[in-house]
Amino acid sequence: MGLSSSDPDPLVRQEALNELGLFPTVPVIQYLLHVLVTETQKRVALKGESVLLNMDPAHLVRGLMRIVKLKQG
């Protein structure tokens, strides 16, 4: 998703996640879900969760439906 999302500084990663919320696309939703599962810094994971929860529900549902379809093949 970009260099700042893998930055060693948790504050930089949090800000990167915050900016990703402006782009509610399938890759962004997938990345945010990945962050929830893999992030070791609790504050960064919570920021990812917050960004997901603050997305427009219609965009989030459409994105999640596309992800499910992709996984089903």
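Which residues does Met55 touch, not counting residues up to four places away in sequence? The legends below start from this question and refer to a predicted model.

View 1. With residues up to four places away in sequence left out, Met55 touches Gly21, Pro24, Val28, Ile29, Leu32 and Leu60. Two of these contacts, Ile29 and Leu32, are listed together with Met55, Leu17 and Leu52 as the residues that touch the most other members of the largest nonpolar core.

**View 2. The largest nonpolar core.** This core contains 14 residues. The largest contribution is that of H2, which provides six residues.

**View 3. The buried side of helix H1 (residues 10-20).** Arg13, Gln14, Ala16, Leu17 and Leu20 are the buried residues of this helix. They lie on the same side of H1 because the arc they cover around the axis is only 160°. Their packing partners are helix H2 (26-38) and helix H3 (42-54). Leu17, one of the buried residues of H1, is also among the core members with the most contacts to other members.

**View 4. The N-terminal end of H1.** Asp9 caps this end of the helix. One of the side-chain oxygens of Asp9 is placed 2.9 Å from the backbone nitrogen of Leu11.

**View 5. Confidence along the chain.** The average pLDDT of the chain is 88, and 96% of the residues score at least 70.

Conventions:
Residues are numbered from 1 along each chain as its sequence is written. This is a predicted model: local features need pLDDT of at least 70, side-chain atom pairs count only at pLDDT 80 or more; totals for chains, interfaces and linings use all residues. Side-chain values use heavy atoms; hydrogens and water are left out. Buried means under 20% relative accessible area, exposed over 50%, partly exposed in between (1.4 Å probe, protein chains only). Helices (H or I, at least four residues) and strands (E, at least two) are DSSP runs, numbered from the N terminus. The arc is that of the directions from the helix axis to the C-beta atoms. Contact means heavy atoms within 4.5 Å. A polar contact is a pair of N or O atoms within 3.5 Å; within protein, one must be able to donate a hydrogen and the other to accept it, and residues adjacent in sequence count only if both atoms are side-chain atoms. A nonpolar core is a set of buried Ala, Val, Leu, Ile, Met, Phe, Trp, Tyr and Cys residues joined through side-chain atoms within 4.5 Å. pLDDT is the predictor's confidence in each residue, from 0 to 100.
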